[in-house]
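Dear colleague,

Please find below the sequence and the structure that I am handing over to you. The findings follow, beginning with a question for you to consider.

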Amino acid sequence: MDLAEIARVMRRRWYVLLPGVLLTVALTVGAYLKVPVTYTSQSTVVLLNSQKATKAFDGNPFLSSQISLNGMADSLARNLNSDAAVAHLKAQGATAATTAKLADNAVGPLLWLTASGTDKKAVLAADKLFTAYAAERLEQFQTQQSVTSQAMIRMATIVPPQNPVAQTKTRYEYLALAAVAGVVVSLVATFYVEARRRAPDAGRTGRAGREPDAAVPDAAVPDSGQDQGDAGRAAGKHAAAAGPERASAASSRKAPSWSMPGALDRDALEVGALQPEPSDDPSDRGTAGTALTSGGSGASGSGGPAAETAGMAEVTGAHGTDAAGSDAHRFV
């Protein structure tokens with residue numbers, strides 16, 4: 001099926017395709033208007049070495065970095081994503097969802113603290129609250145382990161909570177997926193109706209094509225040995241009736257005066273002159289009748305093809321008649 005055929009089917013079954021397309025458009029527009037826009041605010045924090053560890057660098061924490069800080073950042077992110085942390089933030093008034101994770105492609109202990117929701121102000125407030133809670137939670141970890149203040153790991157905010165940004169990419173992706181799905185369903189329904197309509201038409205066409213065969217009478221085609229035998233006997237009678245006419249036509253021909261001994265008459269060859277010389281014996285003249293009778297009865301008994309039986313009976317009748325006729329067809 002090419003594009004032209006598809007277009008013809010769509011035009012022919014427009015009453016199925018058009019409602020489906022209109023319904024898809026209506027649902028897509030309704031989803032666009034009803035589905036709320038999601039906003040996201042994000043901040044970036046980094047873990048710094050303790051004051052005691054930075055004395056060799058004149059107290060500059062950015063010059064001192066240790067692998068243990070990355071492990072601490074991962075542990076802090078897992079704690080901030082726990083149910084206890086989410087419940088604590090809700091108790092403090094945060095209504096947006098919060099997520100903490102290690103920054104992508106980071107070479108240091110960097111964390112992304114994200115808040116998302118449908119209310120821009122609530123999202124920004126939740127992100128600020130989440131950032132402050134992360135620093136508080138880091139201090140609690142070390143206090144529980146009785147770490148002195150000079151040896152505690154610190155946290156610094158690299159990127160403060162940003163103004164919420166609308167996340168439209170995911171929304172448009174879902175809307176496009178819904179629209180494509182609706183169009184596909186409409187096309188499937190269109191071609192299904194087309195197939196259902198074509199099936200009865202094909203059945204009627206097949207029956208109409210078989211009507212000439214059904215009109216052929218059964219008697220025209222022999223389907224049994226008895227029918228073929230009857231056809232053979234009829235052909236034998238026809239050959240017997242045509243025998244005298246052929247014999248008289250052959251006898252009317254004149255033998256050529258220039259014939260030489262041992263030569264065959266061309267006309268005699270054409271009418272089957274290679275027959276035994278006729279005799280005055282009445283028993284020989286009865287051979288034609290016997291051959292005709294045997295040809296017809298053989299077709300009836302054997303049940304062979306009607307065309308083959310008719311040919312044998314015709315040749316036999318012609319030979320018998322020539323034998324009973326005149327001596328005009330001897331070898332000269």
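Is arginine 12 buried, partly exposed or exposed? With a relative accessible area of 37%, arginine 12 is partly exposed (buried means under 20% relative accessible area, exposed over 50%, and partly exposed in between, with a 1.4 Å probe and protein chains only).

Please note that this is a predicted model, in which local features need pLDDT of at least 70, side-chain atom pairs count only at pLDDT 80 or more, and totals for chains, interfaces and linings use all residues. Residues are numbered from 1 along each chain as its sequence is written, and side-chain values use heavy atoms, with hydrogens and water left out.

The protein contains 11 helices and 5 strands (DSSP runs numbered from the N terminus: helices are H or I with at least four residues, strands are E with at least two). Of its 332 residues, 28% are buried.

Arginine 12 belongs to helix 1. Beyond its neighbours within four places in sequence, arginine 12 is in contact with Glu5, Glu194 and Arg198 (contact means heavy atoms within 4.5 Å). Arginine 12 and glutamate 194 are 182 residues apart along the chain, and their C-alpha atoms are separated by 8.6 Å.

Helix 1 (residues 3-12) packs against helix 2 (residues 14-34) at an angle of about 85°, and their axes are 5 Å apart (axes are lines fitted to C-alpha atoms, for helices over the stretch in contact, and angles run from 0 to 180 degrees between N-to-C directions). The two helices are therefore roughly perpendicular to each other (this term covers 65 to 115 degrees). Helix 1 contributes Met10, Arg11 and Arg12 to the contact, while helix 2 contributes Trp14, Tyr15 and Leu17.

Threonine 28 lies in helix 2 and counts as buried because its relative accessibility is 18%. Threonine 28 and leucine 175 are 147 residues apart in sequence, yet 6.2 Å apart in space, C-alpha to C-alpha.

Finally, a word on confidence. The average pLDDT of the protein is 72, and 60% of the residues score at least 70 (pLDDT is the predictor's confidence in each residue, from 0 to 100). Over residues 212-224 pLDDT stays under 50, and the model has 2 contacts beyond four places in sequence for them. Where pLDDT is low, the predicted coordinates should not be read in detail.

Yours sincerely

Definitions and conventions. Parallel < 35°, antiparallel > 145°, perpendicular 65-115°, else oblique.
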